Amino acid sequence: MTNRSPTASSDAKASLRREMRQKLAALDPVTVMNTSRQVVCRLLAMPQYRQARRVMIYVSTGYEIDTHDLIRGALAEKDQVCVPQFDPDHQHYHPCAIED
């Protein structure tokens, strides 16, 4: 067990986030698109997803796995679709239902 200060831990997280953003930005857009399709297809094939009436999906940006088509499909098929919404007063995310 290491005794890291909160500042050291948050600095390490910030550094890791910067590094990951740089790596993601360097990816070829075609690779991102193909990988997104593969991930979405695997999710759609899962019995847990197919049986779910309510789902929570993050809204992708930049070079993340593209979730926009997944969200559109879920809105058409599921009873409820939520996305994470950040609450700055409490510094955490909570589900926010969307309709379109």
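A salt bridge is a side-chain nitrogen of Lys or Arg within 4 Å of a carboxyl oxygen of Asp or Glu. The model discussed here is predicted.

1. Salt bridges. Side chains of opposite charge can pair when their charged atoms come close. In this model the count of salt bridges comes to three. One of them joins the side chains of Glu19 and Lys23, with N and O 3.3 Å apart. That distance is within 4 Å, so the pair qualifies as a salt bridge. Both residues belong to helix 1, which spans residues 6-25, and they sit four residues apart, about one turn of the helix. Glu19 has a relative accessibility of 37% and counts as partly exposed. Lys23 is also partly exposed, at 48%.

2. A second pair within a helix. Arg72 and Asp69 form a salt bridge through their side chains, at 2.6 Å from N to O. How far apart are Arg72 and Asp69 in helix 4? They are three residues apart, so about one helical turn separates them. Arg72 and Asp69 are both exposed.

3. Asp79 and Arg53 form a salt bridge whose closest N and O atoms are 2.7 Å apart. Asp79 has a relative accessible area of 54%, which is over 50%, so Asp79 is exposed.

4. How the strands pair. In which sense do strand 1 and strand 2 pair? They pair in the parallel sense, over three bridges. Within this pairing, Met56 has Cys82 of strand 2 as its bridge partner. Strand 2 also pairs with strand 3 (residues 92-98), in the antiparallel sense and over seven bridges. Cys82 has a partner on that side as well, namely Ala97 in strand 3. Strand 1, helix 4 and strand 2 together make a right-handed β-α-β unit.

5. The hairpin and Gln91. Strand 2 and strand 3 form a hairpin with four residues between the strands. Gln91 is in the loop between these strands. Most residues other than glycine have a negative phi. Gln91 is not a glycine, yet its phi is positive, near 60°. Is Gln91 buried or exposed? Gln91 is exposed, with a relative accessible area of 57%.

6. The core. Which residues make up the largest nonpolar core? There are eight: Val40, Tyr49, Val55, Ile57, Leu70, Ile71, Ala74 and Val81. Helix 4 gives the most to this core, with three residues. Apart from neighbours within four places in sequence, Ile57 is in contact with Thr67, Leu70, Ile71, Ala74, Cys82, Val83 and Pro84.

7. Ser60. This residue is in the loop between strand 1 (54-56) and helix 4 (68-77). Its relative accessible area is 6%, which is under 20%, so Ser60 is buried. The side chain of Ser60 reaches the backbone nitrogen of Thr67 at 3.0 Å. A polar contact of 3.2 Å also joins the side chains of Ser60 and His68. Not counting residues up to four places away in sequence, Ser60 touches Ile65, Asp66, Thr67 and His68.

8. Leu75. Leu75 is in helix 4 and is partly exposed, with a relative accessible area of 26%. Leaving out residues up to four places away in sequence, Leu75 touches Val81, Ile98, Glu99 and Asp100.

9. Distance in sequence and in space. Ala25 lies in helix 1 and is partly exposed, at a relative accessible area of 44%. Ala25 and Tyr63 are 38 residues apart in sequence, and their C-alpha atoms are 6.2 Å apart in space. For Leu75 and Val30, which are 45 residues apart along the chain, the separation of the C-alpha atoms is 26 Å.

Technical notes. Residues numbered from 1 in each chain as written. Predicted model: local features only at pLDDT ≥ 70, side-chain atom pairs only at ≥ 80, totals over all residues. Heavy atoms only, no water. Helix = DSSP H or I, 4+ residues; strand = E, 2+ residues; numbered from the N terminus. Buried < 20%, exposed > 50% of the residue type's maximum accessible area, 1.4 Å probe, protein only. Polar contact = N/O pair within 3.5 Å; in protein donor to acceptor, adjacent residues only side chain to side chain. Contact = heavy atoms within 4.5 Å. Core = buried A, V, L, I, M, F, W, Y, C linked by side-chain atoms within 4.5 Å. Pairing = 2+ DSSP bridges. Right-handed = clockwise from strand over helix to strand, strands pointing away.
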